[in-house]
Amino acid sequence: MSADEGWVRVAAAEDIPPGKLKGIGVPGTKLVLAVVNVDGTLHAVDSTCPHREGPLANGRLVAGEVECPWHRFRFDPQTGRGSVPDAYAPIPRYPVRVVDGSVEVLPAPIPENGATPEGDAVPQTGTSVEPAPLVHGT
Ligand code: FES
């Protein structure tokens, strides 16, 4: 698989500035993600809240966490874990990157063990995929 295979453009990087959450349907899939910018680093998580399936894509970013609009549970987009971590499974996270000013996601969730869908180890901090720093053009 090439380095670019499977990645899908979902937004312009400028559409997701620091502190923002954008709900995005991934073209060609049924996948809906909440893509957030935490201090200049993008993260993508599944939109379905593990509490009662609320739409995290319609939530907001609060103190670096994704807040569900229904009952206000919060989730860390870097780990997928909720504010009550033992109550619910972590929300799936997806690889996200910025290429030439476009946000791209890979519509395959990051395994809990941090390996890529091909089974390769992902160079990263914690258990998240290598975050995509936003690079503003000239
Ligand atoms: S459905 Fe998300 S907190 Fe209840």
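Arg-9 has Glu-104, in strand 10, as its bridge partner. Strand 10 covers residues 102-105 and pairs with strand 1 in the antiparallel sense over 4 bridges. Two strands count as paired if DSSP finds at least two bridges between them. Helices (H or I, at least four residues) and strands (E, at least two) are DSSP runs, numbered from the N terminus.

This is a predicted model, in which local features need pLDDT of at least 70 and side-chain atom pairs count only at pLDDT 80 or more, while totals for chains, interfaces and linings use all residues. Residues are numbered from 1 along each chain as its sequence is written.

The open sheet of 3 strands here has the order 1-10-9, and its pairing is antiparallel. Strand 1 (8-12) and strand 9 (96-99) are the edge strands, each pairing on one side only.

## Strands 5, 6 and 7

An open sheet of 3 strands, with antiparallel pairing, has the order 5-6-7. Strand 5 (60-62) and strand 7 (74-75) stand at the edges with a single partner strand each, so one side of each has no neighbour in the sheet. Strand 6 (residues 65-67) runs antiparallel to strand 7 and is joined to strand 7 by 2 bridges. Glu-67 is opposite Arg-74 of strand 7.

## Lys-22

Lys-22 belongs to strand 2 (residues 21-25). Lys-22 counts as partly exposed because it has 19 C-beta neighbours inside 10 Å; with C-beta atoms placed from the backbone, 20 or more others within 10 Å would mean buried and 12 or fewer exposed.

The C-alpha atoms of Lys-22 and Val-36 are separated by 6.4 Å, and the two are 14 residues apart along the chain.
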